[in-house]
Amino acid sequence: MFGGNILEVVIGLIFVFSLLAILVTQINGLISTALNLRAKQLKQGIQEMITDQRIQAKVLAHPIIDMVQATVVADANLSDEQAKNINRIEETDVSYIPPETFAEALIAILIAESDQELFVPFQRAIQRLPNGSEKSQLRELSRQLRSVFDETTLRQIYSVAQNLTDEKGRKEILAQLEEFENSLQNVLGRSDDMVPLLDGVSKIGDEAFQSAMRTILVSAQNLEEAKKQVKAWFGDKMDRVSARFATIIKRYSIVVALTLTVVLNVDTLHLGIVLWEDDDLRSNVAEAAREFDTSQEGVSLPSETVDVYADGSAMMIPIVEEAQDGTEGENNTEADDGTTLEDVQEQAEATQETLQTLLDLNLPIGWQYVTVTDEMVTQARELGLRDPRDNVNNIYNLIPGNSSDWLLLWVQKIIGIILTTIAASQGAPFWFDLLNRLTRRS
C-alpha cells in the first residue's frame, strides 16, 4: 500500500508535468506564429548563405521562393540600393522551402547573370544587322546557344559572322564573339550546360559568395550534378538553422514554463505533499493519468511536423521529407504558404483545451488570499487538517509578520516553482514516455 501511494503520487506529478509541457509547446507555437519566427529564421539563414546583395535580393524575391513581400524576376537589373531595399522588406510567412526549389531559383539567377553579360549585347548587335537570311540565321543560332550552350553552335555563328556582307555588322558581331569567348575561357572544358552557370558565378560581385559557389560546384560535371550540390549545401545550412531555431525555442520554453508556473501557481513541493495526504485526490489524478494515457481524450498532442516540442526536439523547418522506407520523399515545387488563420485558431483552441484538462483535475494550484485567524488554526487542529498557516498558496502567509515561518514558506515556494518550471520545459514526449511506463506497471 505504501509503495502504491508513492507510485500514485509520482504518476500524478508526471501527469501534471505532461500537461504543462503540452501547454508550453502550444503557447510556443502561438508565439512562433505571432512573431513569424520560422520565416525570420529561414530568411536569415538564406541571407547568411548568399552574401551578395543583388543575388540575395533576387533569391528572396524570386516568385518560387517568395520570402519577401516583393517579386523580382531572375534577369532583372537591380542597383545596389534597390537590392538592399528588397533585402530589408518584411518577410512573408513562408516557413519551408524545398531544396529543389532553392537550387532551381539560385541556378536560374546565376545563369541569368551570365545571360545579361554575354547574350544580351550579342543579340543587340545581331538586331542592328540589315534584315535578311544572314540575320535570321544568326538569330536562330543565338537562340540555340542561349538555350543549350555548345561549341558546335558557337563555331557555326563564327562561320556565318565571318561571311556577313555588312562590313560594320561583321566587325561588331566578331568583336562581340571575341568578348564572348574571352569571358568563357575560364569555364570552357566542362560540360556545355555548365558554361552559363559557371560564367554567372564568375560575375558574382561578392568575393566570399563567389568563392563559396566555386567550392560547391568544383566537382560538378554537369548541370544536374550542380543542382545536387546546391541542394546539399542548402540542406546542410537548413540543418544548422533548425538547430538554432530549436535553441531559441528552448529559451522561449523556459520563459513560458516559468510564466505558466507562476501564474497558475503550480508548486511541485506543495502539490506532492497534498497528493500524499489526500487519498481521494491522489487516486483521482492517477486514474485520470491512466485514462489519458490509453485514450488521449480531451487533449490534442502537438505534432512534431507542425510545432517544435518544448525541449526543441522537433525541428520547425523541415528540409527534406523522407518516405517510410527512408528514401528521399518527393519535394514540392512551391514554397509553403505558411500558417493560416484557421491554424492559429486551432492552436488557440487546443491550448484552451489542455488548460481545461489541467484545471478539471481540481489540484491545489492557483493563488489565494485569505486572512488566517486563530479560530481557523484551532478548527483545523480539531478536524485533523493541515495548519492553514503552512499553506504556501495563500499569499497572506508569505507576507512577513503574518506567519512566523514566512521565510521558510518563501524558500519552499521558490524551490517548488523552480522544480515545476524545469519539469514543464523538458518537453511532453519525455514525460509521456515516462508516464506510459509507470501506468503500465501500476
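Predicted model: local features only at pLDDT ≥ 70, side-chain atom pairs only at ≥ 80, totals over all residues.
Residue numbers start from 1 along each chain as its sequence is written, local features need pLDDT of at least 70, and side-chain atom pairs count only at pLDDT 80 or more, while totals for chains, interfaces and linings use all residues. Side-chain values use heavy atoms, with hydrogens and water left out.

**The whole chain**

Begin with the protein chain in cartoon view: it has 18 helices and zero strands. Helices (H or I, at least four residues) and strands (E, at least two) are DSSP runs, numbered from the N terminus. Of the 442 residues, 48% are buried, where buried means under 20% relative accessible area, exposed over 50% and partly exposed in between (1.4 Å probe, protein chains only). Among contacts (heavy atoms within 4.5 Å) with a separation of 6 or more, 74% join residues 24 or more positions apart.

**Gly12**

Select Gly12, which lies in helix 1 (residues 2–35) and is buried, at a relative accessible area of 0%. Neighbours within four places in sequence aside, Gly12 contacts Leu275 and Val285.

**The aromatic cluster**

Next, display Phe102, Phe209, Trp233 and Phe234, which ring pairs link into a cluster. Rings of Phe, Tyr and Trp (its six-membered ring) pair if their centres lie within 6.5 Å; planes under 30 degrees apart count as stacked, over 60 as edge-to-face and the rest as tilted. The count by this rule is eight aromatic pairs. One of them, Phe102 with Phe234, is stacked, at 4.3 Å centre to centre and 15° between the planes. Phe102 belongs to helix 5 (residues 99–127) and Phe234 to helix 11 (residues 223–264), so this pair ties together parts 132 residues apart in sequence. Phe102 is buried, at 0% relative accessible area; Phe234 is also buried, at 0%.

**Lys413 and Trp367**

Move to Trp367, where Lys413 lies over the ring face, 5.0 Å from the ring centre. The criterion is NZ of Lys or CZ of Arg within 6 Å of the ring centre and within 35 degrees of the ring normal.

**Helices 2 and 3**

Finally, select helix 2 (residues 37–49) and helix 3 (residues 53–60), which pack at an angle of about 145° with axes 9 Å apart. Axes are lines fitted to C-alpha atoms, for helices over the stretch in contact, and angles run from 0 to 180 degrees between N-to-C directions. Show side chains at the contact: Lys43, Ile46 and Gln47 in helix 2 meet Gln56, Val59 and Leu60 in helix 3.
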